[in-house]
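This briefing concerns a predicted model. Please consult the sequence and structure below alongside the points that follow.

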Amino acid sequence: MPEILVKNLICRYSKDKPKVLEVPELKLESGKLYFVLGKSGIGKSTLIETLGLMEQTFEDTSSLTFNVSKTSIPDLIRLNDDVRISEFRKKNFAFIFQSTNLFSHLTLGENAMMPCWIDDSIEKAGVEQIEQKVTDLIKSLLPNLWLKYEDKCKDLMITNISGGQKQRLAFIRALATPFKILFGDEPTGNLDKKKADDLIEALLEEIKGKEKKLACLVSHDIDLAIQHADEIIGLSESSDNSSQMAYGTITGENVYFRDNKKWKNQSGKTFNEESLKDELFNLLK
Amino acid sequence: MGLYSKFGRKEFIEISGRKTSLNIAAIITICTITIFCLGAVINIQSFLEDKMNDDYVKTVPINIPISCSSGGSFADISANIESNLKIVDGKGKFDVQSVYEVCATNLDFKMHDKNQSYGARVACVKSEKDILWNLVAKKKEIFITPHKSNTLFNEDKNGSIVISENFAKKVFASSYDDVIHQNIPVFVNHDPGDGDQFNKIPVSAIVQSLPLQIDAVISNGLYNKLKQDDYLIPEDELSNFEDRYWISDSDYKKLEQSNPEFVSQIVSVSSGDSFVRGITFQYPGSNEYVPKGFGIIHYLSIDDCIDLSDQEISNRSTYKLITTFNNLDSVRLFSKYLEENTQMLGCASDESALIVDLSSIESKESIDVINGLSVITIVALYSFSVLLIISFCLSIMRLHIEKNKPNLGTLKAFGLSNKKVLQLYASVTFSFIGIAFLFGFLFNEILGNYILNGILSLMNLTTKTAGLEFSNMNFLLSFLILVCIPVSLIMMKIRLILKSTPGALVFQRDQQ
């Protein structure tokens with residue numbers, strides 16, 4: 001059973017506003033890395049926000065099903081049960097934002113440990129384990145800082161590190177979180193290819209480990225998606241016949257999955273890396 | 001736990017103004033000044049209330065003029081008033097606590113080496129249970145007896161006298177300061193007219209003021225002894241005093257006209273010494289200028305040479321009735337009642353109306369106005385301070401939250417519920433205002449009294465009996481108003497901000 005099942009999802013930011021996204025069907029499974037590609041303003045972030053329960057954009061709550069949830073998320077949303085929705089997000093979700101959203105008055109280590117502070121159910125051993133994980137991630141993803149300061153780099157203020165380092169720290173914070181589903185909104189936008197590759201490698205290691213997890217990243221980087229994604233979800237533009245207002249949509253032709261060394265869409269069409277790149281390039285135009 | 005202990009602490013430091021701590025310094029200043037002003041106003045208000053609730057103040061004297069006695073005796077009139085008061089009181093018209101009769105008489109006092117005497121209204125008290133004595137004893141006394149205790153009723157040792165500070169300053173003049181330390185007695189002329197008898201009475205206490213325009217209080221026993229002229233006993237320690245006659249210039253001139261015979265007698269005795277500066281007296285028939293053996297000072301005044309008629313002597317006494325009211329508000333009504341019922345109460349005519357001393361009521365009414373103003377001041381000050389604290393803290397918190405909206409959205413995205421965010425910021429805001437309140441309170445608790453008294457003394461408003469105590473301030477009420485209300489209102493504002501979805505906060509999207 002898919003981890004997230006989307007059916008007939010229609011997203012609007014308010015009832016009186018036009019439709020911004022329509023997803024007839026989408027299945028996201030554990031152990032896989034999904035890349036969402038599409039041109040600017042097509043609704044990529046809306047999709048992430050909707051799936052991450054950050055914004056209640058959907059008209060019909062039954063259009064979204066989470067396998068990880070023992071409770072009915074649509075019911076919680078309908079009831080506007082903030083405590084239980086928050087609890088669900090805390091136990092299952094992690095986020096990486098392009099603007100990092102790190103706390104400027106906290107240190108590097110404190111920012112990385114923030115999810116542990118939020119989840120007060122994590123016991124001391126768990127906290128120590130996360131602390132160790134943060135250290136390991138700093139060593140591998142922020143090697144320069146580690147080499148210079150070693151463990152003391154955790155005491156550095158956020159204001160004292162570069163934009164790229166902040167981006168990687170946001171990645172570390174998300175990976176340190178005991179998540180089941182990770183959403184990233186252009187998490188590698190400010191990084192060069194090598195560093196972006198390193199981050200995605202670390203992410204893959206996490207989601208394909210003993211405990212299978214799911215990651216869904218919004219990106220404009222076609223190469224990165226083709227190199228690392230298990231599935232690429234392309235958002236194309238559609239428009240309403242009556243209002244003529246454009247909105248993003250996901251069709252079977254625009255969902256590509258890896259098939260050995262080739263790629264296929266849900267209609268069965270096969271692509272090699274080059275042809276997929278062209279296809280996605282056209283989608284992003 | 002880390003959320004409150006680590007993140008909350010960091011948020012607190014950030015909101016306090018990080019390195020400069022300007023915000024926390026500002027809120028501490030606001031709280032300290034507010035608490036001081038509130039404490040001062042509440043203190044002054046309660047001080048005024050205490051003053052007005054004092055039996056001393058609530059005692060209203062009723063003068064029964066001498067002309068009233070033609071319609072009946074003083075005792076009859078006072079009995080009439082008392083019974084009428086009770087009847088009316090029974091109807092609930094006047095809130096009278098007690099009625100007490102006091103007879104005050106005029107006596108002349110002087111100090112042994114002074115040539116001028118002063119008339120004083122002297123009231124007699126029967127015992128320590130006497131209402132008048134209770135009124136006196138409540139006041140802070142300056143005991144000047146060797147044992148620093150009251151000897152008023154020690155009649156076996158000839159008793160003593162309690163005098164008011166004003167009168168003491170008049171009698172002792174420049175020697176006043178010495179009196180307090182040296183136990184100097186006063187001399188009272190207990191037999192004006194024929195012979196004059198100035199007898200020595202120890203001063204047991206000087207009190208700041210006495211009720212009913214009384215200058216001095218003595219015991220009934222002492223008064224009787226004085227009148228029977230068996231009070232004075234020679235005392236060895238004063239044997240070096242010379243008996244002298246003293247006379248003032250003005251009195252001497254009058255005396256020359258009214259009683260030239262008496263003057264010539266003195267002149268012959270004094271061998272031409274100046275009358276004005278005082279002359280040594282030699283008793284008639286004696287060749288010696290030796291003192292009599294104890295320090296009687298014979299004082300000569302115009303009164304000594306004039307035989308006062310009985311009527312004049314009576315006029316020197318004023319008969320008084322003291323009524324102690326539970327509530328001073330009914331005194332004006334009572335005064336009007338007395339005015340309308342003069343004849344019924346036993347006075348001969350309307351002209352001789354009973355006079356109720358309304359000075360206490362006027363003071364009370366003035367204090368009521370001040371009290372009213374102080375209540376308005378307190379309410380205004382509270383409201384202003386609360387508004388100031390709320391607007392100041394709210395703007396700090398709003399700025400901080402506006403600045404950190406995306407981060408707040410991130411916290412929510414990672415699973416921090418609105419309830420937890422509210423609890424977190426409630427604890428931060430509570431600590432922020434609570435610390436300022438606590439600091440302000442402790443500062444005022446320790447230094448408030450000194451500052452208040454310093455300000456009062458700068459304004460020449462200190463009184464010896466003021467006793468303003470800063471701890472009087474209502475801590476709990478102030479805490480509720482200055483801390484709990486602002487925290488609650490700030491929480492309501494944060495709750496509104498938190499209604500936004502995590503996405504709206506992260507991407508700073510207008511929810512509408």
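Strand 5 (residues 161–164) of chain B and strand 9 of chain B pair in the antiparallel sense over two bridges; strands are DSSP E runs of at least two residues, numbered from the N terminus, and pairing requires at least two DSSP bridges. In this pairing, Ile163(B) stands opposite Ala216(B).

**Strand 9 of chain B**
- Strand 3 (residues 118–125) of chain B runs parallel to strand 9, joined by four bridges, and Cys124(B) stands opposite Ile218(B).
- Strand 9 (residues 216–219) is covered on both faces, with Ala216(B) and Ile218(B) buried on one side and Val217(B) and Ser219(B) on the other; buried means under 20% relative accessible area with a 1.4 Å probe, protein chains only.

**Interface of chains A and B**
- The two chains bury about 2,700 Å² between them, 59% of it on carbon and sulfur atoms; this is the accessible area (1.4 Å probe) lost on being put together, summed over both.
- In chain A, His105(A), Trp117(A) and Ile118(A) lose the most area to chain B, together 25% of what that side buries.
- The contact (heavy atoms within 4.5 Å) takes 30 residues from chain A and 33 from chain B.
- One salt bridge is found across the interface, defined as a Lys or Arg side-chain nitrogen within 4 Å of an Asp or Glu carboxyl oxygen.
- Lys10(B) forms a salt bridge with Glu110(A), their closest N and O atoms being 3.3 Å apart.

**Basis of the values**
- Residues are numbered from 1 along each chain as written, and chains are lettered from A in the order written.
- Local features need pLDDT of at least 70 and side-chain atom pairs 80 or more, while totals for chains, interfaces and linings use all residues; side-chain values use heavy atoms, without hydrogens and water.

Note on methods. Buried < 20%, exposed > 50% of the residue type's maximum accessible area, 1.4 Å probe, protein only.
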